[in-house]
Amino acid sequence: MYDPTDPSTRFPGLRRRGFLAAAGGAAGLGALALAGCSGTGPAANDAGKDGGTPRRGGRLRAAFAGGGASETLDPHLGNLFADAARSKALFDKLADYGADLSAEPRLAEKWEPNAALDRWTVTLRQADFHDGKPVTAADVLYSYRRIADPEQAYRARASLEPIDLTASRATGARTLEFVLKRPTAELPNVLAAFGTYIVPDGADDFAKPVGSGPFRFVSFAPGRTTVLRRFEDHWDGAPHLDELEFVVANEESARINALLGGQVEYAHELNPATGRAHEKSGSIGIVRLRNSAMQAFAMKTDRPPFDDPRVREVFFHIAGRKELVDGALSGAGEIGNDLFGKGYEYYADELPQREQDIDRARHLLKQAGAEGLKVTLDTSAVAAGFTEAAGIFRDQAARAGVTVDVRMGSKDSYWKDILDSGTLCCYRSGAMPIESHISQRLLTDSTTNATKWQDRSFDTLYQQAQSTKDRTERGALYGRMQRRLHAEGGFLVWGFGDWILGLAPSVRGVAREAPANTLDWARFDKVWLA
């Protein structure tokens, strides 16, 4: 029977290769790539370019890894890249990150702090929801209070912690005053944080969501497809496309085959080897977002064996970072130094680059009484390079006398599974300010704390940094925090990979300087079909 919501019937070439839902992740990021297709039409080497006059019309089909039957259109629950792409099409935030990770106004027209930095006045621009109702200060307060609900595990909850949402108030239909628990110098970063979307006052059912984003809801089949239609009255101008369809494809091979077969026009999160193989073919377009994906292993610091900081240091010394980048990312990236945000503001680039030191690793193992250590490394084909990195690290660990058993996880539930379970896992992240990485992943109350790093003195340093007006002094505090993480944290950051997108020859307007998680990444309202 023909089911219009089932990609295996609407995209028959995908059934054979497993057109299934898969987790992709939060906060995590990976690398992407493509292959070639045949046919006539615009040249593939023009794909994604801004040249020419935008053409109105058509449906663009975008293939993403997804989250299976548990997917939701609730923008406050999303953790996957597919979630983020759908949410930014349907909803707006007060601010979002530009390519340089500075906060850019979106629904907020402007913001202004008082001299003490403990009260911020935000003025909203004139914008409407899809049902024609205006976006108001009441909608903002409702959305933020919903996210901050202590009974829920919304990802942005920790980011909103500085705001006293009980004392904050609407001062007009389009103005509000955020009262802060302490002076906060970088509140715009909070307004731009992942998951801080504005929904209508009282909204709690997202089966047929109403947002203020550039596309409006048509249909949703969890783990399969999402169809959206142009919102003509969007405050930032109506999209060029008539319709946008998100198609869930778990396997990288399925996304490439769909692109090659003309069944989708945009393929997200493909592996570097595929990108390299087809980059010069001229049959499809490739966009590389350089070094925008942190690649890491996450060690759970609250349980054996990684509750011993000496064992964490052992693993820091085991890692041969260049071998991991060359093998798992096909060389499409650069080595990491066990810290997030290489090249970003406040990054502690003064710390010496950590090198592989097997002798030091063996010495620390003996000192910790952990000789003959055996650990399980959770991985999955959910992200490019994960399974390759796990195999390489297993072999590196063996040289230090550590046995690493690689365990393959479900692509559908990997990101949920590794958040609380296991002891060691493959991990990745997209772009965000270092401040946001800390607030969402490294504070005691962070809801996506995959390393279970929980230290009240570290929390206090973070709050102190938030409250420091002087940028140099604030940077010094972030430097102190990063030195601690470098010495004893739970993230073994081995590399930063390119983010590779695959485009059909007809696609135009895809941003080429937009790291994943920023405003112009997966921004389909500015894309058109030639």
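**Exercise 1.** Over the ring of which residue does the charged end of Lys-93 sit, 5.5 Å from its centre? Find a further ring for this lysine, too.

*Solution.* The model is predicted.
Step 1. A charge counts as sitting over a ring if NZ of Lys is within 6 Å of the ring centre and within 35 degrees of the ring normal.
Step 2. The ring at 5.5 Å belongs to Tyr-197, with the charged end of Lys-93 over it.
Step 3. The charged end of Lys-93 also sits over the ring of Tyr-97, with 5.8 Å to the centre of that ring.

**Exercise 2.** Classify the ring pair Phe-246 and Phe-524, and locate both residues in the chain.

*Solution.* 
Step 1. Ring centres within 6.5 Å make a pair, and planes over 60 degrees apart count as edge-to-face.
Step 2. The centres of Phe-246 and Phe-524 are 5.8 Å apart and the planes stand at 75°, so this pair is edge-to-face.
Step 3. Phe-246 belongs to strand β12 (residues 243-248), while Phe-524 lies in the loop between β20 (507-508) and β21 (528-529). The two are 278 residues apart, and the pair links distant parts of the chain.
Step 4. Both Phe-246 and Phe-524 are buried.

**Exercise 3.** Check the radius of gyration of the protein chain against that of a compact globule, and describe the chain as a whole.

*Solution.* 
Step 1. A compact globule of 530 residues would have a radius of gyration near 24 Å; the protein chain has 23 Å, so the value agrees.
Step 2. The C-alpha trace spans about 65 × 60 × 40 Å along its principal axes.
Step 3. The secondary structure comprises 14 helices and 21 strands.
Step 4. Of the 530 residues, 61% count as buried.
Step 5. Among contacts between residues at least 6 apart in sequence, 75% join residues at least 24 apart.
Step 6. The accessible surface of the protein chain is about 19,500 Å², and 47% of this surface belongs to carbon and sulfur atoms.

Definitions and conventions: Residues are numbered from 1 along each chain as its sequence is written. This is a predicted model: local features need pLDDT of at least 70, side-chain atom pairs count only at pLDDT 80 or more; totals for chains, interfaces and linings use all residues. Side-chain values use heavy atoms; hydrogens and water are left out. Rings of Phe, Tyr and Trp (its six-membered ring) pair if their centres lie within 6.5 Å; planes under 30 degrees apart count as stacked, over 60 as edge-to-face and the rest as tilted. Helices (H or I, at least four residues) and strands (E, at least two) are DSSP runs, numbered from the N terminus. Buried means under 20% relative accessible area, exposed over 50%, partly exposed in between (1.4 Å probe, protein chains only). The radius of gyration is taken over C-alpha atoms; the globule rule is 2.2 Å times the number of residues to the power 0.38. Contact means heavy atoms within 4.5 Å. Accessible areas come from the Shrake-Rupley method with a 1.4 Å probe; for residues, only the protein chains shown count as cover.
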